[in-house]
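Let's take a walk through this one together. Have the sequence and the model open side by side, and follow along as we go.

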Amino acid sequence: MSKYVVTGGAGFIGSSVVRALLDQGAGHVHVIDNLLTGYEKNLEEVARQVTLHRVDIRDFEGVKAAIAGAEKVFHLAAIPSVPKSIDEPVPSHEVNIDGTFNVYRACAETGVKRVVYAASSSAYGDTEVLPKVETMVPQPLSPYAAQKLMGEYYASVFHSCFGLEAVALRFFNVYGPRQDPSSPYSGVLSIFMKCLIEGRRPTLFGDGGQTRDFTYVADVAGLCLKASRASGVAGKVYNAGNGNRYTLNEVWQTLQDTQGVTLAPNYGPSRAGDVRDSQADTTAAVRDLGHAPQYSLAEGLRLTFDWYKSSLVA
Ligand code: UD2
C-alpha cells in the first residue's frame with residue numbers, strides 16, 4: 001500500500017487532509033508535526049490509522065527519515081500568519097522557507113512522486129483587478145506572503161531541476177472545525193466563533209470592509225487530494241478558493257443574525273501587511289484539478305458554529 005505523509009497533519013487543515021486520505025481508502029497516514037500549533041486531539045478518532053512523527057521541519061534528517069518510502073506528500077506545516085511573520089520574522093522565515101526547502105529536498109532525495117504544497121492567497125497582495133488569477137504578478141505585502149511565494153518558486157524549481165512533481169495550491173482564508181481560536185494570530189472566523197459563543201464583541205482591524213474568499217476546510221482538503229492525482233499539473237500553481245468574497249462586517253452580521261444576538265464589533269487600527277480584498281478565480285483549478293467546492297459560506301458557517309459549540313462548551 002502507498003505511503004502518504006502530511007506535514008502539519010496535526011494542525012487545522014492538515015488533520016482534514018489526513019481524514020480525507022483515510023476516507024478515500026489510504027488505510028494509514030504518516031504525519032510530521034512538531035505540535036507547536038497542532039494538537040494530537042485533532043487526530044483523536046483516527047489515531048490508530050496515523051503514525052505521528054514529532055519532528056520540526058527545520059530538522060532535515062528527521063524530515064527525511066519520516067518521508068522515506070512515501071509516494072505522496074502533502075506539505076502543510078508552516079507558521080501561518082501574516083502578523084506573526086511581522087512580529088517574529090525569524091522563526092517564520094526558518095519554518096516557512098528553510099523548512100519547506102527541507103521537505104522538498106527530502107522528497108527529491110527519497111524518490112517521492114508528488115508533493116502538494118499549501119501556498120497562500122497572500123502572494124497576490126493588493127491587485128487592481130478581482131478576482132485574482134494565477135497569471136497576475138505576485139505582490140507580497142508581508143514576510144509571510146513572501147515566504148509562501150518562495151515555497152511556490154521552489155516547488156517549480158524542484159520540478160524542473162530535480163523531477164519532483166510539486167503542485168502549489170494557494171489557499172484562500174480557510175475556515176472550519178478544529179481551527180484554533182486561542183491565539184491573537186488565529187484566523188478571523190475562529191475568533192468570530194469564539195466571540196459568538198462567549199457573547200463577546202470581536203475587534204475588527206480597520207473598517208471591517210476588507211473582503212475575503214472564505215473557503216471551507218473540507219473543500220480545500222478535497223482539492224489537495226485531487227491535486228495529488230491530476231495529470232499535467234506538476235510545477236504549477238492553482239488557486240484553492242471558493243470564488244466569492246465577503247466583508248468582515250457582512251460575515252459578523254450574518255453570524256449575529258443566525259444566533260439572534262446583537263453584538264456591535266469594536267474597531268481597531270488596520271493590521272500591517274493586511275490585504276484589502278481577496279477573491280479567487282477558480283477557472284484553472286476547476287479545469288485542471290476538477291475543483292468543485294461543495295460548501296456555501298452559509299453552510300460552512302453553520303457546520304463550523306455547531307462544531308465550536310460542541311467543543312468549546314463541552
Ligand atoms: C492570510 C491569507 C490566507 C492564509 C492566511 C494564513 C490573505 C488575503 N489571506 O489570511 O490565504 O494564507 O493568511 O494565516 O492574505 N481580523 C480582524 N480581527 C481579528 C483577526 C483578524 O479584523 O481578530 C482581520 C484581519 O486584519 C484580516 C482579516 O480579518 O483583514 C482576515 O485575517 P486572518 O488572520 O484570518 O487571515 P489573513 O487574511 O491574514
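A polar contact here is a pair of N or O atoms within 3.5 Å; within protein, one of the two must be able to donate a hydrogen and the other to accept it, and residues adjacent in sequence count only if both atoms are side-chain atoms. This is a predicted model, with local features needing pLDDT of at least 70 and side-chain atom pairs counting only at pLDDT 80 or more, while totals for chains, interfaces and linings use all residues. Residues are numbered from 1 along each chain as its sequence is written, and side-chain values use heavy atoms, with hydrogens and water left out.

Let's start at the ligand. A polar side-chain atom of N173 sits 2.9 Å from a nitrogen atom of the ligand. S120 brings a polar side-chain atom to 2.7 Å from a ligand oxygen atom, and F205 uses a backbone N or O atom, 2.8 Å from an oxygen atom of the ligand. On its own the ligand has 740 Å² of accessible area, and the protein covers 91% of that (areas come from the Shrake-Rupley method with a 1.4 Å probe; for residues, only the protein chains shown count as cover).

Which elements give two or more residues to the shell around the ligand? They are α6 (188-198) and β8 (203-205), and β8 gives the most, with three residues. Helices here are DSSP runs of H or I with at least four residues, strands are runs of E with at least two, and both are numbered from the N terminus. In total 23 residues surround the ligand, the closest being P80, S120, V188, R212 and D274; a residue makes the list if one of its heavy atoms lies within 4 Å. The shell divides into 11 nonpolar, nine polar and three charged residues. For that tally, Ala, Val, Leu, Ile, Met, Phe, Trp, Tyr, Cys and Pro are nonpolar, Asp, Glu, Lys and Arg are charged, and the others, Gly among them, are polar.

Now back to N173, which has another feature to show. N173 lies in the loop between β6 (165-171) and β7 (174-175), and its phi is near 35°, a positive value in a residue other than glycine. N173 counts as partly exposed because its relative accessibility is 28% (buried is under 20% relative accessible area, exposed is over 50%, and partly exposed is in between, with a 1.4 Å probe and protein chains only). In the loop between β7 and α6 you'll find R178, with a positive phi near 80° in a residue that is not glycine. Then there's the peptide bond between L130 and P131, which is cis, with omega at about -5°. P131 belongs to the loop between β5 (114-120) and α5. Why point these out? Most residues other than glycine have a negative phi, and most peptide bonds are trans.

Next, K148 in helix α5 (residues 143-162). Is K148 buried or exposed? It counts as buried, because its relative accessibility is 3%. Neighbours within four places in sequence aside, K148 is in contact with A78, Y117, A118, A119 and S120, where contact means heavy atoms within 4.5 Å.

T211 is in strand β9 (residues 211-212). With a relative accessible area of 4%, T211 is buried. Its side chain makes a polar contact of 2.6 Å with the side chain of D277. Not counting residues up to four places away in sequence, T211 touches R245, Y246, T247, R276, D277 and S278.

One more stop is L289, in helix α9 (residues 283-289). L289 is buried too, at 7% relative accessible area. Leaving out neighbours within four places in sequence, its contacts include L169, L223, K226 and Y238.

Finally, zoom out. The protein has 10 helices and 13 strands, and its C-alpha trace spans about 55 × 45 × 40 Å along the principal axes. A compact globule of 314 residues would have a radius of gyration near 20 Å, and the protein's 18 Å agrees with that; the radius is taken over C-alpha atoms, and the globule rule is 2.2 Å times the number of residues to the power 0.38. Buried residues make up 53% of the 314. Among contacts with a separation of 6 or more, 80% come from residues 24 or more positions apart. The protein exposes about 13200 Å², with carbon and sulfur atoms supplying 52% of it.
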